[in-house]
Amino acid sequence: MATLFVGAISAPSAARADTPIFSARDGIALGGYDVVAFFEDQHAVSGSAKHALMWKGVVWHFASSANQARFEANPRAYAPVFGGYCAYAMSQGYLAPGNPQLWVIDGGELLLLNNASVQGIWQGEAEQLMQGARANWPAVLRD
């Protein structure tokens, strides 16, 4: 009877799927874009499955073995803040996927935005919005 009771207690939490810490379509971070290229090349560059690795439960693609090695040496330096979710949405307390074509590096951190209208808002209010996003992260993943 005790086993049945334990199973009944743990069933609801097991049935609940947690939101992944990194936004990923089909298990691939940033839609397959090379996260290192944002820093090294200052633009979005498609990665390749030839240069890929698994980190934090998602697959990361890179344009070259050199970029893959850079990421492997220090993934936290390159991974987008807020898990690659839209920084503006995060500042408002909800999740939206980040668009690798709409990005900014602020204070050495890669931020993704969701659409052109929030990109304009972000540019005008970045400091305040960043404070809100930091206050909501990572608790918003549990909501």
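Biologist: Where do I start? How many helices and strands does the chain have?

Modeller: Keep in mind that the model is predicted. The chain has six helices and six strands. From the N terminus on, their order is α-β-β-α-β-β-α-α-α-β-β-α.

Biologist: What share of the residues counts as buried?

Modeller: Of the 143 residues in the chain, 37% count as buried. The chain exposes about 7,900 Å². Carbon and sulfur atoms supply 54% of that area.

Biologist: And contacts along the sequence? What percentage joins residues at least 24 apart?

Modeller: Take the contacts between residues at least 6 apart in sequence. Of these, 56% join residues at least 24 apart.

Biologist: Now a strand pair. How many bridges join β3 to β4?

Modeller: Five bridges join them, and the two strands run antiparallel. Strand β3 covers residues 48-55, and strand β4 covers residues 58-62.

Biologist: On to the cores. Which residues have the most contacts inside the largest nonpolar core?

Modeller: They are F82, C86, Y88, L111, L113 and W122, in a core of 19 residues. At least two residues of this core come from each of α5 (87-91), β6 (109-113) and α6 (116-136). Helix α6 gives the most, with five residues.

Biologist: Take W122. Which residues does W122 touch, leaving out those up to four places away in sequence?

Modeller: W122 touches A87, Y88, V104, L111, L113, L129 and M130. A separate core of 18 residues lies apart from the largest one. Its members include V36, F38, W60 and L112.

Biologist: Back to α5. Is S91 buried or exposed?

Modeller: S91, found in helix α5, has 12% relative accessibility, so this serine counts as buried. The cut-off for buried is under 20%. Beyond four places in sequence, S91 touches L129, G132, A133 and N136. The S91 side chain also makes a polar contact with the side chain of Q92, at 3.1 Å.

Biologist: How is a pair of aromatic rings described?

Modeller: By two values: the distance of the centres and the angle of the planes. This model has 10 aromatic pairs. One of them is F22 with W60, an edge-to-face pair. The centres are 5.2 Å apart, with 80° between the planes.

Biologist: Why does the pair of F22 and W60 tie together parts that are apart in sequence?

Modeller: F22 lies in the loop between α1 (2-15) and β1 (24-25), and W60 lies in strand β4, so the pair ties together parts 38 residues apart in sequence. F22 and W60 are both buried. Ring pairs also link F22, W55, W60, F62 and F71 into a cluster.

Biologist: Is F38 buried or exposed? And what does W103 count as?

Modeller: F38 has a relative accessible area of 0%, so it is buried. W103 stands at 21% relative accessibility and therefore counts as partly exposed.

Note on methods: Residues are numbered from 1 along each chain as its sequence is written. This is a predicted model: local features need pLDDT of at least 70, side-chain atom pairs count only at pLDDT 80 or more; totals for chains, interfaces and linings use all residues. Side-chain values use heavy atoms; hydrogens and water are left out. Two strands pair if DSSP finds at least two bridges between them. Helices (H or I, at least four residues) and strands (E, at least two) are DSSP runs, numbered from the N terminus. A nonpolar core is a set of buried Ala, Val, Leu, Ile, Met, Phe, Trp, Tyr and Cys residues joined through side-chain atoms within 4.5 Å. Buried means under 20% relative accessible area, exposed over 50%, partly exposed in between (1.4 Å probe, protein chains only). Contact means heavy atoms within 4.5 Å. A polar contact is a pair of N or O atoms within 3.5 Å; within protein, one must be able to donate a hydrogen and the other to accept it, and residues adjacent in sequence count only if both atoms are side-chain atoms. Accessible areas come from the Shrake-Rupley method with a 1.4 Å probe; for residues, only the protein chains shown count as cover. Rings of Phe, Tyr and Trp (its six-membered ring) pair if their centres lie within 6.5 Å; planes under 30 degrees apart count as stacked, over 60 as edge-to-face and the rest as tilted.
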